[in-house]
Amino acid sequence: MDFLTNFGTMLQENPALLVGISLWEALFTLLALWFAGRNDHKAWFLACGLVQIFGLVEIIYLATKTNFFKDFKLNG
């Protein structure tokens, strides 16, 4: 429980962190919903739209069901 209290205090003291986390979540949620809608993945669309945990469900969807991350060339 201390973690949640400390995290809440940290967010109150650093509004930029709250904005950053919100933008991170919005970016991956919108990407996942767009790909799920385009590919007719109804269950993933619902899961990504209803479960909001720092973009984790969305990142899992994008990594496993789409070519979104496969097209990035990070080391070359």
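**Figure 1. Helix α1 is hardly covered, with one buried residue among its 12 residues.** Buried here means under 20% relative accessible area, exposed means over 50%, and partly exposed lies in between, calculated with a 1.4 Å probe on protein chains only. The structure is a predicted model, in which local features need pLDDT of at least 70 and side-chain atom pairs count only at pLDDT 80 or more, while totals for chains, interfaces and linings use all residues. Residues are numbered from 1 along each chain as its sequence is written, and side-chain values use heavy atoms, with hydrogens and water left out. Helices are DSSP runs of H or I with at least four residues, numbered from the N terminus. From its first C-alpha to its last, α1 reaches 16 Å, close to the 16 Å expected at 1.5 Å a residue, where the expected span is 1.5 Å times one less than the number of residues.

**Figure 2. Helix α1 (residues 2–13) crosses helix α2 (residues 15–38) at roughly 105°.** The axes of the two helices come within 5 Å; axes are lines fitted to C-alpha atoms, for helices over the stretch in contact, and angles run from 0 to 180 degrees between N-to-C directions. On the α1 side, F7, M10, L11, Q12 and E13 meet P15, L17, L18 and I21 of α2, contact being defined as heavy atoms within 4.5 Å. By class, this contact has seven nonpolar, one polar and one charged residues; Ala, Val, Leu, Ile, Met, Phe, Trp, Tyr, Cys and Pro count as nonpolar, Asp, Glu, Lys and Arg as charged, and the others, Gly among them, as polar.

**Figure 3. Helices α3 and α4 pack at an angle of about 150°.** Their axes are 9 Å apart, and the two helices are therefore roughly antiparallel to each other. W44, A47 and C48 in α3 meet V57, E58, I60, Y61 and K65 in α4, a contact that by class has six nonpolar, no polar and two charged residues. A47, placed in helix α3, counts as partly exposed at 26% relative accessibility. The C-alpha atoms of A47 and Y61 are separated by 9.6 Å, although these residues are 14 residues apart along the chain.

**Figure 4. N39 and D40 are found in the loop between α2 and α3.** N39 is partly exposed, with a relative accessible area of 36%, and D40 is exposed, with a relative accessible area of 54%. D40 has a positive phi of about 55° although it is not a glycine; most residues other than glycine have a negative phi. Not counting residues up to four places away in sequence, N39 touches Y61 and T66. The C-alpha atoms of N39 and M10, 29 residues apart along the chain, are separated by 39 Å.

**Figure 5. T66, in the segment after α4 (56–65), is buried, with a relative accessible area of 5%.** Leaving aside neighbours within four places in sequence, T66 is in contact with F35, N39 and Y61. A polar atom of the T66 side chain lies 2.6 Å from the backbone oxygen of L62.

Methods. Polar contact = N/O pair within 3.5 Å; in protein donor to acceptor, adjacent residues only side chain to side chain. Parallel < 35°, antiparallel > 145°, perpendicular 65-115°, else oblique.
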